[in-house]
Amino acid sequence: MGFNYLIFNLIIIFGPLVASFFSWVVKPKFLPAFLSLFLVALFFFLFDIVVTDFFWSFNQDYILNVKILNVPLEEILFFIFTGYACLFLYVNLKQKKFFYREVNLLLLWFLIFSFLSISFYSLSLGKYYTSSIFFIFAFLIIVDIYFFKTNLFKQLFFWQFLLIIFFLTLIFNYYLTSKPVVIYNDELNLKFRILTIPLEDFIYGFSFISLIVMLYELFLKSNKSVFKLNSHYD
């Protein structure tokens, strides 16, 4: 039994909690943030139930060994704390209104086609972690553009935000994979690593954060619509 993964989660949430005390810092709106974090954490928790001890496992030396349906408590805290920290970063970067140019739709479809091609090719090789996570990310881009219509992926700003997430993943996931807290079944991924981090983990992180932000923007827009409707009847 160890406290490493728990301490990791506490370090992640420490920054946003401290920053919240500064008046110039923007905090995510409570209800949209709560709903988006809850739903995404639930989805990835269910995903973890299916893939734990298949795609990856957790080193018992670094966790408390308190589990819910075979998923360590720290993994559930990771979804909540990391999700909030990244959402906190997003709303503050968005406030600065940097780089609001649009991304060409043809380029987005090229990316979608590329991710789907990698997904189906990986599936044919039995690389199920690679296949599933590339498919999820491609699917999220399509959902964002044509169904949720938050158009996050059409904004250059959002891709730059994901680039920041990439570098944060290099720092924080390196800790999880170098000890290792998380042990991967390399038969189910491409075995391509950046430092000690599987390539798939970056796409996993992009999918996780993108879905949180998509739902946050969707609930934020819905919340504003309800407020306007109530004001109209008042």
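This is a predicted model: local features need pLDDT of at least 70, side-chain atom pairs count only at pLDDT 80 or more; totals for chains, interfaces and linings use all residues.
Helix H3 provides nine residues to the lining of the largest pocket, which is the largest share of that lining.

**The largest pocket**
- The volume of the largest pocket is about 610 Å³, and among the 30 residues that line this pocket, those closest to its centre are Ile12, Phe78, Thr82, Phe172 and Asn173.
- At least two lining residues of the largest pocket come from each of helix H1 (4-19), strand S1 (56-58), H3, H6, strand S4 (182-184) and helix H7 (199-233).
- Sorted by class, the lining of the largest pocket holds 22 nonpolar, six polar and two charged residues.

**The second largest pocket**
- The second largest pocket has a volume of about 300 Å³, and of its 14 lining residues, Ala33, Phe34, Leu37, Phe38 and Ile80 are the closest to its centre.
- Two or more residues of this second lining come from helix H2 (30-51) and from H3, with H2 giving the most, namely eight residues.
- The lining of the second largest pocket is made up of 13 nonpolar residues and one charged residue, with no polar ones.

**Aromatic pairs**
- The model contains 44 aromatic pairs, and one of them joins tyrosine 90 and phenylalanine 161, whose ring centres are 5.5 Å apart and whose planes stand at 65°, so this pair counts as edge-to-face.
- Because tyrosine 90 belongs to helix H3 (residues 73-95) and phenylalanine 161 to helix H6 (residues 156-178), the pair ties together parts that lie 71 residues apart in sequence.
- Both tyrosine 90 and phenylalanine 161 are buried.

How values were computed. Residues are numbered from 1 along each chain as its sequence is written. Side-chain values use heavy atoms; hydrogens and water are left out. Rings of Phe, Tyr and Trp (its six-membered ring) pair if their centres lie within 6.5 Å; planes under 30 degrees apart count as stacked, over 60 as edge-to-face and the rest as tilted. Helices (H or I, at least four residues) and strands (E, at least two) are DSSP runs, numbered from the N terminus. Buried means under 20% relative accessible area, exposed over 50%, partly exposed in between (1.4 Å probe, protein chains only). On a 1 Å grid over the protein atoms alone, a cavity is a set of points where a 1.4 Å probe fits but cannot get out, and a pocket is an open set with protein on both sides within 12 Å along at least five of seven lines; lining residues have an atom within 4 Å of a point. Grid points are joined across faces, edges and corners, and a volume is the space filled by probe spheres set on the points. Ala, Val, Leu, Ile, Met, Phe, Trp, Tyr, Cys and Pro count as nonpolar, Asp, Glu, Lys and Arg as charged, and the others, Gly among them, as polar.
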